[in-house]
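Subject: Structure handover

Hello,

Here is the structure you are taking over. My notes on what was found in it follow below.

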Amino acid sequence: MLKKVKWLTYFAILVGAILALAGCGNSGGTIDVGIVLPTKDEPRWVQDEQRFKDALADSDYSTEILFSQGSSAKEKENVESLLNKGIKVLIITPHDGAAAASAVEAAKKEGVTVIAYDRLITDTDAVDYYVTFDSMAVGAAQAQYLLDNTNGSDVPLYLYAGASSDNNAFLFFEGAWKVLQPKIADGTFKIANSSEAEALQDSDQLTRDQIGKIIGQVTTNWDANEAKNKAQTHLTASGDDLKGDVAILAPNDGTSRAIADVFSSDDAISNYFVTGQDAEKASIQYIIDGKQSMTVFKDVRTLVKDAMGMAVDILDGKTPETTGEYDNGSIEVKARQTDIIVVDKDNVKAELIDSEYYDASEFTGLE
Ligand code: BGC
């Protein structure tokens, strides 16, 4: 009997020790850098996740990546769960730039350094750094492409924009407007689908409110379906004078493909030039196939490198290097900015395959 009790005791001690070890594994697993991305539903952000994973493969610091699935509430939960794991640095792309303020304020309260990644968080002083591409240059490059590739005058110009909850949508549009407005004023382009833009066509500088009005009318909300529905509605309303050879400012690749599909199936459209950005694989195939005209390649490897470089500097007690500042409506946020590259059929191979961003085997018909 005594022997049996002894064995039971040993057994209990053993089980206890195993449980304690397992528990220790969990609670001891603190995270250094938390990364919050907006949605898995767009290839753009899945791409960022992969590039983060590649960059982190041999990092000494521990990281965790969470997705907010287009919800500010989920985003806040993600930040809270990372705070509970003891993060020191938060890298975050807000779903909604203003709504994210409360999440990053909670992080700041815990002494966490906040890095806005690609999209600025607005109207709060709880952002320490911003890593971004040159978003004004993205819009300007899209507009310049339309200008360089269309001929004659009164070319119908269809305008589309991103979500008004995304500060970038304003920067993209502002960059595009600076190039397009003089060419609307001199009769090269004729606005086809926005009375708000028409009302402002003599103003070369637009206020944020004015851009907001235009975006309110032609937003895609970064959603391919919304882009498709809007394009269908616009083409149904357009008479023949707004068809033929047309130019389309589409804000990114997902919306560009949706809009291109609508325009290419309208018999009264003889030719269209449509812009994009992100160099999504599906759009690279569209460019090779002549269905999308261009994309703006934003090399996510550089953005990830900059963001992680900053995070590591912070963890090592150094001050990260920055190259400029962005006004977020409350403070000037120290920023590090990366250039963009215009890609069309002529340089797609050089920029995306030869640079090993993508593999040639992922596409068909590539020369
Ligand atoms: C990003 C784009 C992206 C868009 C939609 C913007 O803030 O800069 O690259 O296509 O959001 O997700």
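Axes here are lines fitted to C-alpha atoms, for helices over the stretch in contact, and angles run from 0 to 180 degrees between N-to-C directions. Helices (H or I, at least four residues) and strands (E, at least two) are DSSP runs, numbered from the N terminus. This is a predicted model, in which local features need pLDDT of at least 70 and side-chain atom pairs count only at pLDDT 80 or more, while totals for chains, interfaces and linings use all residues. Residues are numbered from 1 along each chain as its sequence is written, and side-chain values use heavy atoms, with hydrogens and water left out.

Helix packing

The axes of helix α6 (residues 167–185) and helix α8 (residues 208–218) are 10 Å apart, and the two helices pack at an angle of about 95 degrees. That makes α6 roughly perpendicular to α8 (the class covers 65 to 115 degrees). On the α6 side the contact (heavy atoms within 4.5 Å) is made by Asn167, Ala169, Phe170, Phe173 and Glu174, and on the α8 side by Arg208, Ile211, Gly212, Ile214 and Ile215.

Four-stranded sheet

An open sheet with parallel pairing has four strands in the order β7-β6-β8-β9 (two strands pair if DSSP finds at least two bridges between them). β7 (189–191) and β9 (269–274) stand at the edges with a single partner strand each, so one side of each has no neighbour in the sheet. On average, neighbouring strands of this sheet are turned by 35 degrees against each other, direction ignored. Strand β8 (residues 244–249) runs parallel to β9 and is joined to β9 by five bridges. Asp245 stands opposite Asn271 in β9. Helix α10 (residues 253–264) packs on the sheet and touches β6 (155–159), β8 and β9; the direction of α10 makes about 170 degrees with that of β9.

Seven-stranded sheet

The order in an open sheet of seven strands is β2-β1-β3-β4-β5-β12-β11, with mixed pairing. Its edge strands, β2 (63–67) and β11 (324–327), each pair on one side only.

Domains

The domain assignment (bounds from an automatic or database assignment) gives domain 1 (29–127 + 300–338) and domain 2 (135–297 + 342–362). Their C-alpha centres lie 29 Å apart. The contact takes 15 residues from domain 1 and 14 residues from domain 2. Between them the domains bury about 1200 Å², 37% of it on carbon and sulfur atoms (accessible area, 1.4 Å probe, that two parts lose on being put together, summed over both).

Regards

Methods: Parallel < 35°, antiparallel > 145°, perpendicular 65-115°, else oblique.
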